[in-house]
Protein chains: 2
Amino acid sequence: MADSQTNLAWSTLLDLAGPGAKHERLIRALRASVRAGRLPTGAALPPSRTLAADLGWSRWVVTQAYTQLVAEGYLDARAGSATRVRWTPDTPSALPEADPTPPAPMRFDLTPGLPDLRAFPRARWGDALRDQARQVTTADLGFPPPGGHRRLRRVLAEHLRRSRGAMAGADDIVVTTGVTDSVARVFRAIRQEGITRVAVEDPGWVQLHMAAREAGLTVVPVPVDRHGLRVAELDGDPAIRAVLTTPSHQFPTGVSLSAERRAALADWAQRVDGLVLEDDYDSEFRYDHRPLSAIQGMSPSRVVLLCSVSKTLSPALGIGWMAVPSRWRRVLLASGTARSAPPVLDQLAFAQLIENGGYDRHLRSVRQRYRSRRAALLHALRTRLPACRVSGSAAGLHLVAHLGDEVDAADVVAAAATRGLRLTGMRTFQVDRQQPAHSLVLGYGNLPDAAVDEAVTVLAAVLQGL
Amino acid sequence: MADSQTNLAWSTLLDLAGPGAKHERLIRALRASVRAGRLPTGAALPPSRTLAADLGWSRWVVTQAYTQLVAEGYLDARAGSATRVRWTPDTPSALPEADPTPPAPMRFDLTPGLPDLRAFPRARWGDALRDQARQVTTADLGFPPPGGHRRLRRVLAEHLRRSRGAMAGADDIVVTTGVTDSVARVFRAIRQEGITRVAVEDPGWVQLHMAAREAGLTVVPVPVDRHGLRVAELDGDPAIRAVLTTPSHQFPTGVSLSAERRAALADWAQRVDGLVLEDDYDSEFRYDHRPLSAIQGMSPSRVVLLCSVSKTLSPALGIGWMAVPSRWRRVLLASGTARSAPPVLDQLAFAQLIENGGYDRHLRSVRQRYRSRRAALLHALRTRLPACRVSGSAAGLHLVAHLGDEVDAADVVAAAATRGLRLTGMRTFQVDRQQPAHSLVLGYGNLPDAAVDEAVTVLAAVLQGL
């Protein structure tokens, strides 16, 4: 190939601009020319003396650059022969695609699942992080303990005993990155121990069902009625030895598991040597009476209690935890490389926030906020949509609005989207999505107070326009 | 079934101490008595009026408590009958075990893998976290994007182009919780696409081999010599279509992949439509010349470049990232629920630290620190153990000390432990651990400068005492 390239004006061919020492700029420029095909495979480079003269730089600069690019595999230098390009261009891959454009933000978003992000205690959380970055021990900056930092585990156990009537000590707590992570790890552990079928609530939070399937489990949907999960149906399939449930506030129907069924669930778990995964996702928010204590407190050896800050602070924090029966904790922590836990400083900041009472103060403040917002939403629905029936306990961050048997919720969701109102139909949460659904799951956690009435007005107009 | 319990002094039986309103204290006390078996299953509780009189509290307090405990499933109330305990005690589980005691800290710890934790930029990192907690947009406090925050991806792509000669844009970056997480996700993705066998370096970082096995891949060890991975051996097994390698500084031998083999590796990947996982674990630290650019820059469509802050800042931060060919990025992000990424604030804090030059300043400062420490360690070894041969490039945070063919490194490790010196033998990193090893992998990243000479003195004494 073209030895004649030695006659080119190298200072023109190469883009020597940019920061750094001369040899660094030359390395970058040569590498770029090779990659771009301007210097094709096999092409000879000028002797270092010639290139140096052409550039008006020292020969040392050129030999430094050649040596580096030979070591990197872009050039080939053999004694008594010219330095040549050895690199073969990478097969052109498809151009990197831009991220799929996120859906345009709507005027009103009633998607369930988010807390009020405007209420996030920025200053308190930021200060806690900074305090911990300054105070953390050097040892704690090493490899993090897989089950979570002991200080946070101790604080969380105390918090669960106090606020959820749980029975747990620091050694029963496993810190995770959230409920999805917790559930995925429990599912992998029980699959490994021979459990093959897990019951789930239908309707329910279907993303967690995916975690069960990924772990190799068969998902068995069990219906929910106004008393919660139909616990008796678990006995219909003796291979079911685990169940994922939201007893304190069923998602999405909003009912609470009745006292009879709570007892029946504990009995079932004991009888079949099974495991109950108690997803306690929004138990902090109960507006009519004290929240029921967790079932875990009745059966700590058969129940995993699943918690996170996603509904109390923000899902962006990536902090979750679970109280795990000791038998399962051993399996969980022994298994494999997936020992996810939040960064140690985040764990310690959360521990600080609980210890100094900041977390409880935040919960009290947002509880009051959600209680009023729920009342405002109920008022708006009663006023503007008197035919619409609402169900679910006075709790949490969402409610269920029944539109009537003649209305397909999917039509309402579609029509509302064209008017800047994002809604979610019940069908999203049904395991079998063949049946049309007649109700909406309205999340008000992140809906500004000022928008409540207007959002319902839009919904009323949509329903009228169907 | 003692109805006579109504005659007990309830104020004595129940522990009503503690914080909270009267009915909350009563709920707690009754629940604790039921759990502890002091109120056995079937036992009748006194009528609310009686208990109220006995406690000297209002009847409202008692009915509140009974109602709550009935709802929770601890008590059973039927019209015309006494309120009774319904709860059956949980099968006593084994007492929660204390965490296994961590090994006693030793005077000198030369385990490879840690950076200098005393050099962690506490103030800079803490301030960045706090700044981000205050500045983050409300939208960014919602559900985090699975591949990482766009701002961090953009900053990392620029950083990789500049410091590693990589070819990557923001859309090619996936943010993870570290190299183990990155590798595990790539392994799951390639297994899903039909790749069944992955080559790994022997010796190598065996924890990552575990991630391959967990993903269902067969691990094929390939030997390493003084030119790095023996790339030619990949052709011996046509089912191998992925390889995990540390070209810039092989772990643990410390050699760099030769220019010939870099080119051969890129050729192989193109020929077999394979994937190279380039673990760039400590490329920031090179003391003799400029670091070689990443192979990813030569073959961006066939190489995943794996990075983290574990060796530059701290493994406790849980921040990693990878540059991924677009084809594989799609598979990675589409697959399942395991979309681990660090908390959004940590991602933004790291972006801020790179943007304001703080990360580069930190790297320059610790690079200087490690360079001197390495020199001090070499000096001490030459002085006190002249027969010991050292190998590995002038790079990274560890070196290999060859003790001689007659010495079994395992004996040295054991004897050193009794003298407060923690060492790691080469066998720890060999896939086939049957052969005795004659060398130690000495990590000096987290060894205080003042301890270097003394640690080598202890090692010399250990070798003499064998």
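Select chains A and B together and display the surface between them: about 7200 Å² is buried between chain B and chain A, and carbon and sulfur atoms give 52% of that area. Buried area here is the accessible area (1.4 Å probe) that two parts lose on being put together, summed over both. The model is predicted, with local features requiring pLDDT of at least 70 and side-chain atom pairs pLDDT 80 or more, while totals for chains, interfaces and linings use all residues. Residues are numbered from 1 along each chain as its sequence is written, chains are lettered from A and ligands numbered from 1 in the order written, and side-chain values use heavy atoms, without hydrogens or water.

Next, colour the contact residues (heavy atoms within 4.5 Å). On chain B, 86 residues are in contact with 86 residues of chain A.

Superpose the chains next. A rotation of 180° with 0.1 Å of shift along its axis brings chain B onto chain A with an RMSD of 0.1 Å, by least squares on the C-alpha atoms of residues with pLDDT of at least 70 in both. The two copies are therefore related as by a two-fold rotation axis. The same surface serves both copies, as 99% of the contact residues of chain B recur in chain A.

Now select R130(B) and D127(A), whose side chains meet in a salt bridge at 3.8 Å, N to O. The rule for such a bridge is a side-chain nitrogen of Lys or Arg within 4 Å of a carboxyl oxygen of Asp or Glu, and it finds six across this interface. Then select helix α5(B), which gives the most to the side of chain B that touches chain A, with ten residues. Helices are DSSP runs (H or I, at least four residues), numbered from the N terminus.

Move to E72(B) in helix α4 of chain B. Because its relative accessibility is 0%, E72(B) counts as buried, the limit being under 20% (1.4 Å probe, protein chains only). Beyond its neighbours within four places in sequence, E72(B) is in contact with residues including R262(A), P291(A), M298(A) and R31(B).

Finally, select W125, W321 and F350 in both chains; these have the most contacts inside the largest nonpolar core, which has 145 residues. Such a core joins buried Ala, Val, Leu, Ile, Met, Phe, Trp, Tyr and Cys residues through side-chain atoms within 4.5 Å. Around F350(A), not counting residues up to four places away in sequence, the residues touched include W125(A), L152(A), W321(A) and Y359(A).

Note on methods:
Buried means under 20% relative accessible area, exposed over 50%, partly exposed in between (1.4 Å probe, protein chains only). Helices (H or I, at least four residues) and strands (E, at least two) are DSSP runs, numbered from the N terminus.
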